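The sequence and structure are shown first.

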Amino acid sequence: MKKAAESDPQRLIRYRAMDLLARREYSAHELQAKLVEKFPEHAPLVGPVLAGLTRDNLQSDQRFAEAYVRALIHRGQGPYRIRQALQQRGVDSSLAEQTIADCGEDWFELAVQVMHKKYGRQPCTGFAERARRSRFLQYRGFNAEQIQACFTDDEKDDS
């Protein structure tokens, strides 16, 4: 069996792809890049192999997107940052939007949790501190409305 795989480059590429997919989910774009890098002399064969893997449901951009969104939410990333990361990994923008919308995350609550994890529960003491926290949350991928809600909660705590 090993001899057959060595003589058949398509089979060898498929085995390598399945080996990669056994460890974690990959987008089709990522998997193609890895396989072309590993087998540059057989680059034209990578496309048909990927099509077969997708047809056999061994590779799925939707499954990748769902797993990746969960991982980034766990790391405290906001929807803009997640969307950008998915697009960089070759996930279709409509699939990225749908996956983010379907994840069921309360982005306002996540923004508050991220801010409290970074800065504690101390309310902002001035404009400079508020700007610093806002920039941090913006970098993490939260929008202005979600960031504003973090400071509204601080103001409620002060009352």
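## Salt bridges and their surroundings

Arg132 is partly exposed, with a relative accessibility of 41%; in this report buried means under 20% relative accessible area, exposed means over 50%, and partly exposed lies in between, with a 1.4 Å probe and protein chains only. The model is a predicted one, in which local features need pLDDT of at least 70 and side-chain atom pairs count only at pLDDT 80 or more, while totals for chains, interfaces and linings use all residues. Residues are numbered from 1 along each chain as its sequence is written, and side-chain values use heavy atoms, with hydrogens and water left out.

The partner of Arg132 is Glu129, and their side chains form a salt bridge with an N to O distance of 3.0 Å. A salt bridge is defined here as a side-chain nitrogen of Lys or Arg within 4 Å of a carboxyl oxygen of Asp or Glu. By this rule the count comes to 9 salt bridges. Side chains of opposite charge can pair when their charged atoms come close.

Arg132 and Glu129 are 3 residues apart in helix α9 (residues 127-140), so about one helical turn separates them. Helices (H or I, at least four residues) and strands (E, at least two) are DSSP runs, numbered from the N terminus. In contrast to the partly exposed Arg132, Glu129 is buried, at 17% relative accessibility. Not counting residues up to four places away in sequence, Glu129 touches Tyr119 and Cys124, where contact means heavy atoms within 4.5 Å.

Arg16, Asp19 and Arg23 are linked in a network of salt bridges. Arg16 and Asp19 are 3 residues apart in helix α2 (residues 9-23), which means that about one helical turn lies between them. Arg16 is partly exposed at 29% relative accessibility, and Asp19 is partly exposed at 32%. Arg23 counts as exposed, with a value of 59%.

| Salt bridge | N to O distance |
|---|---|
| Arg16 and Asp19 | 3.5 Å |
| Arg23 and Asp19 | 3.3 Å |
| Arg132 and Glu129 | 3.0 Å |

## Burial in helix α3

Which residues of helix α3 (residues 28-38) are buried? They are Glu30, Leu31 and Leu35. These residues lie on the same side of α3, because they cover an arc of only 125° around the axis; the arc is that of the directions from the helix axis to the C-beta atoms. The buried residues of α3 pack against α2, α4 (43-55) and α5 (61-74).

Glu30, in helix α3, is buried at 16% relative accessibility. Leaving aside its neighbours within four places in sequence, Glu30 is in contact with Arg24, Phe64 and Arg89.

## Surface patch and local features

Helix α2 also contains Met18, which is partly exposed at 33% relative accessibility. Met18 forms a nonpolar surface patch with Tyr15 and Leu58, and together the three have about 230 Å² of accessible area. Such patches are made of residues with over 30% relative accessible area and no salt bridge: like charges are joined within 9 Å, and nonpolar side chains (Val, Leu, Ile, Met, Phe, Trp, Tyr) within 5 Å. Accessible areas come from the Shrake-Rupley method with a 1.4 Å probe; for residues, only the protein chains shown count as cover.

Asn57 is located in the loop between α4 and α5 and is partly exposed, at 49% relative accessibility. Most residues other than glycine have a negative phi. Asn57 has a positive phi of about 60°, although it is not a glycine.

Ser94 belongs to helix α7 (residues 93-102) and is partly exposed, at 48% relative accessibility. The side chains of Ser94 and Asp92 are joined by a polar contact of 2.3 Å.

Technical notes:
A polar contact is a pair of N or O atoms within 3.5 Å; within protein, one must be able to donate a hydrogen and the other to accept it, and residues adjacent in sequence count only if both atoms are side-chain atoms.
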